[in-house]
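Me: I would like to learn how to read the features of a protein model one after another. Could you take me through the one shown here?

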Amino acid sequence: MDTMNLIVAKNIRRLREERNLSMEELAKLSGVSKSMLAQVERGDGNPTLSTLWKLSNGMKVPFDALTVRPKIPYEIVKTSDMQPLLEDHGKVKNYSIFPDDENRRFAVYYLELEPGSYWQSEPHLRGTTEFITVFSGTLEIITADQCFTVAKGESIRFMGDTVHSYRNTGIETAVLHMILYNP
């Protein structure tokens, strides 16, 4: 199985070429430098979630179009075999469990946020809704100028098409599932 970096690299190049965009054009549309874009398309390094969000928004595709794996009739996903996308110097780990294939209109993620970690997300595509269930720890979510505390055994739904953030305010790792619905 390809690493997540190679999957992302292949998908970005394919999507960019399908849209007849040069690297320079995508760099301008996304705000990601041409050199960073070239590095990502080669599968080098480990792009941040913020970089990938900028690229998906620049191409006007769901984020998961960048992480979708080749289709098979069934799939068992082991997070231990996956390479997570990282934020906050590796303290936020985001595993793309079931990416949106641009037809399903939803994606499932597994996230681990170490105590004190923080991640601010770029707005998703217009109309995107996030559904989060916390399985351990405590999470502070700020969206639309409102602050919510979501603890183990609780869930939250909110519009993800504006800037929003996640902070682990507890003393243990926050573990959660996130479903993004793309209308």
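Me: What share of the 183 residues in the protein chain is buried, and how is that word to be read?
Reply: A residue is called buried under 20% relative accessible area, exposed over 50% and partly exposed in between, with a 1.4 Å probe and protein chains only; by that reading, buried residues make up 48% of the 183 residues in the protein chain. This is a predicted model, in which local features need pLDDT of at least 70 and side-chain atom pairs count only at pLDDT 80 or more, whereas totals for chains, interfaces and linings use all residues. Residues are numbered from 1 along each chain as its sequence is written, and side-chain values use heavy atoms, with hydrogens and water left out.

Me: Which elements does the protein chain have, and in what order do they run?
Reply: Helices (H or I, at least four residues) and strands (E, at least two) are DSSP runs, numbered from the N terminus. The protein chain has 4 helices and 10 strands, and from the N terminus on they run α-α-α-α-β-β-β-β-β-β-β-β-β-β. The radius of gyration of the protein chain is 16 Å, close to the 16 Å that the globule rule gives for 183 residues, so the chain is as compact as a globular protein of that length; the radius is taken over C-alpha atoms, and the rule is 2.2 Å times the number of residues to the power 0.38.

Me: How many residues of α4 are buried, and what does a helix do with its side chains?
Reply: An α-helix has 3.6 residues a turn, so residues three or four places apart point the same way. In this structure, 9 of the 11 residues of α4 are buried, so the helix is largely enclosed by the rest of the structure; among the buried ones are Leu-49, Leu-52, Trp-53 and Ser-56. After α4 (49-59) comes Lys-60, whose phi is positive, near 60°.

Me: Which residues is Ser-56 in contact with, leaving aside its neighbours within four places in sequence?
Reply: Contact means heavy atoms within 4.5 Å. Ser-56, which has its place in helix α4 and is buried with a relative accessible area of 0%, is in contact with Val-61, Pro-62, Phe-63 and Leu-66 once those neighbours are left aside. In the loop between α4 and β1 lies Ala-65, buried with a relative accessible area of 1%, and its C-alpha atom is separated by 8.3 Å from that of Ile-12, 53 residues apart along the chain.

Me: In what sense do strand β1 and β2 pair, and over how many bridges?
Reply: Two strands pair if DSSP finds at least two bridges between them. Strand β1 (residues 85-87) and β2 pair in the antiparallel sense over 3 bridges, with Val-92 in β2 as the bridge partner of Glu-87. The two strands form a hairpin with 4 residues between them, and Asp-88 in the turn has a positive phi of about 50°. On strand β3 (residues 106-113), which runs antiparallel to β2, 6 bridges join the two, and there Tyr-110 stands opposite Tyr-95. As 5 of the 7 residues of strand β2 (residues 92-98) are buried, the strand is largely enclosed by the rest of the structure.

Me: Are Ala-144 and Asp-145 buried or exposed?
Reply: Ala-144, in the loop between β6 (138-143) and β7 (146-151), is exposed with a relative accessible area of 58%, and Asp-145, found in the loop between β6 and β7, counts as exposed at 82% relative accessibility. Phi is near 50° in Ala-144, a positive value in a residue other than glycine, and near 60° in Asp-145, again a positive value in a residue other than glycine.
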